[in-house]
Amino acid sequence: MEFRKTSIEGLIEIYPKVFGDARGHFFESYREDLFFQNGIPFKFVQDNQSFSTAGVLRGLHFQNSPFAQGKLVRVIIGKVIDVAVDIRPNSPTFGKYEKFVLDAKLQNMVYIPEGFAHGFAALEDSIFSYKCTNNYNKASEGGIIWNDSDLNIDWCIEHPNVSEKDLELPNFKDLFSKN
C-alpha cells in the first residue's frame, strides 16, 4: 500500500496494491499493521455502506465529541468526489478542505481523522463504504451546508440531488463563529 500525506495534517490518501488478471482482481483494503506504521493507529468499530445514484450529494457531516469519528472511506463501485473539511479549532488548516476523486477502478481510499466534516458527490452510480473509529450517535451529529459560500467547494456536479435534511444544515461561519 502507498500512503500519501496531504496538505492537511492527519488526512491521508491510500492506494492499495491491486493484483489483477483476466479473472478479476484482489487487494487488501485494510491491514492494521500497515495502517499503524503509516500514522493511522486507530481501531475501527463500525462499518457503513451506502448506494447513491449519479448526482447525489451527501454531507457535509461530522460527529461531535465524545462520539467524533475517524473514517476510512472508499468506493466499491463507481466514482465520487470526496471532501474533508478541517473543523479542528486549533488546527493551522481550520476551515480548509481537501478534495479527492475516489474511483473503484483505482481502489484508492482516504483516511479522515476525527475533527473533519465529510461529504461526497456521486459522479456515477456508486457504492460507498466507510469504516469508523467510533459508533454513530444521533445526538452528536452535526453538519455544514454543502454549498457554503466561504468554503466554495466545487463538487463537479451542476445540480446535485441533496436530502432535505442536508439542505437545512448551517453554514461554516454560523456554526464555528463561537470558537
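Predicted model: local features only at pLDDT ≥ 70, side-chain atom pairs only at ≥ 80, totals over all residues.
Close-up A. Asn152 has a relative accessible area of 58%, so Asn152 is exposed. Find Asn152 in the loop between strand S13 and strand S14 (161-162). Asn152 is not a glycine, yet its phi is positive, at about 55 degrees.

Close-up B. Gln107 sits in the loop between strand S9 (97-103) and strand S10. Its phi is near 60 degrees. That is a positive value, and Gln107 is not a glycine. Is Gln107 buried or exposed? Gln107 counts as buried, because its relative accessibility is 6%.

**Close-up C. The open sheet.** Six strands make up this open sheet, in the order S1-S2-S10-S7-S12-S5. The pairing is antiparallel. Which strands form the edges? They are strand S1 (2-5) and strand S5 (46-52), and each of them pairs on one side only. From one strand to the next, the twist averages 25 degrees. Strands of a sheet pair through backbone hydrogen bonds.

**Close-up D. Strand S10 and its two partners.** Strand S10 covers residues 109-112. Strand S2 (residues 12-15) pairs with S10 in the antiparallel sense, over 3 bridges. Here Ile14 has Met109 in S10 as its bridge partner. S7 also pairs with S10 in the antiparallel sense, this time over 4 bridges. Val73 stands opposite Val110 in S10. Now look at where the residues of S10 point. Met109 and Tyr111 point one way, while Val110 and Ile112 point the other way. All four are buried.

**Close-up E. Strands S7 and S12.** S7 spans residues 71-77, and S12 spans residues 126-132. The two strands run antiparallel. How many bridges join S7 to S12? There are 6. In one of these pairings, Arg74 has Ser129 in S12 as its bridge partner.

**Close-up F. Two cysteines.** Cys132 has a relative accessible area of 0%, so it is buried. Cys156 is partly exposed, because its relative accessible area is 44%. A disulfide here needs two cysteine sulfur atoms within 2.5 Å. By this rule the model has 0 disulfides.

**Close-up G. The largest pocket.** The volume of this pocket is about 710 Å³. It is lined by 35 residues. Which of them are closest to the centre? They are His61, Phe62, Lys71, Tyr130 and Tyr136. Several elements each supply at least two lining residues, among them S5, strand S11 (116-122), S12 and helix H2 (164-167). S6 gives the most to the lining, with 5 residues. By class, the lining has 15 nonpolar, 15 polar and 5 charged residues.

**Close-up H. Two cis peptide bonds.** Leu60 belongs to strand S6. Another cis bond runs from Ser65 to Pro66, with omega near 5 degrees. Where is Pro66? Pro66 lies in the loop between S6 and S7.

Terms used
Residues numbered from 1 in each chain as written. Heavy atoms only, no water. Pairing = 2+ DSSP bridges. Axes fitted to C-alpha atoms, helices over the stretch in contact; angles between N-to-C directions. Buried < 20%, exposed > 50% of the residue type's maximum accessible area, 1.4 Å probe, protein only. 1 Å grid on protein atoms, 1.4 Å probe; cavity = no way out; pocket = protein on both sides within 12 Å on 5 of 7 lines; lining within 4 Å. Points joined across faces, edges and corners; volume = space filled by probe spheres on them. Nonpolar A, V, L, I, M, F, W, Y, C, P; charged D, E, K, R; others polar.
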